[in-house]
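Subject: Structure handover

Hello,

Here is the structure for your files. My notes on the chain follow below it.

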Amino acid sequence: YIEKRYFNHPLFKYRFFCLETKNKKKKGILICRVINMRSNSVFRIIDFVGNKEVLFLINELCFEILNTEKHEYVDLLCAE
């Protein structure tokens with residue numbers, strides 16, 4: 001599913017980030033893409049696969065990406 005949905009998608013280019021705790025026991029993969037709109041862009045978190053306990057790590061990642069890539073904001077649709 002992951003390979004077909006994200007790695008081989010015909011239209012969208014996704015970015016993958018590995019999240020892991022310092023002891024590397026809890027891990028997750030964050031799947032994202034950039035949405036361009038006129039002169040602005042948004043960094044969108046599309047999916048997460050892994051241990052929910054590493055989700056706190058996205059905070060630092062999002063700040064770094066916003067500062068270096070100059071996106072307007074980060075968004076995430078959350079559903080269980």
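Two strands are called paired if DSSP finds at least two bridges between them. Helices (H or I, at least four residues) and strands (E, at least two) are DSSP runs, numbered from the N terminus. This is a predicted model, in which local features need pLDDT of at least 70 and side-chain atom pairs count only at pLDDT 80 or more, while totals for chains, interfaces and linings use all residues. Residues are numbered from 1 along each chain as its sequence is written, and side-chain values use heavy atoms, with hydrogens and water left out.

Sheet and helices

In β3, I45 is the bridge partner of C32. Strands β2 (residues 27-37) and β3 (residues 40-50) run antiparallel and are joined by ten bridges. The chain has two helices and four strands, in the sequence pattern α-β-β-β-α-β. The four strands make an open sheet with mixed pairing, ordered β1-β2-β3-β4. At its edges stand β1 (15-20) and β4 (73-76); each has a single partner strand, so one side of each is left without a neighbour in the sheet. From one strand to the next, the twist averages 30 degrees. Helix α2 (residues 58-69) packs on this sheet and touches β1, β2, β3 and β4, where contact means heavy atoms within 4.5 Å. The direction of α2 makes about 140 degrees with that of β1; axes are lines fitted to C-alpha atoms, for helices over the stretch in contact, and angles run from 0 to 180 degrees between N-to-C directions.

Where does T21 lie? T21 is in the loop between β1 and β2. T21 counts as buried because its relative accessibility is 16%, buried being under 20% relative accessible area, exposed over 50%, and partly exposed in between (1.4 Å probe, protein chains only). Leaving aside neighbours within four places in sequence, T21 contacts K26, V54 and L57.

Whole-chain values

- Of the 80 residues in the chain, 29% are buried.
- The C-alpha atoms fill a box of roughly 40 × 30 × 20 Å along the principal axes.
- Among contacts between residues at least 6 apart in sequence, 42% join residues at least 24 apart.
- The chain exposes about 6300 Å² (Shrake-Rupley method, 1.4 Å probe), and carbon and sulfur atoms supply 54% of that area.
- There are 14 positive and 10 negative side chains, counting Lys and Arg as positive and Asp and Glu as negative, without His and the chain ends.
- The centres of the two charge sets lie 3 Å apart, with each charge placed at NZ of Lys, CZ of Arg, CG of Asp or CD of Glu.

Regards
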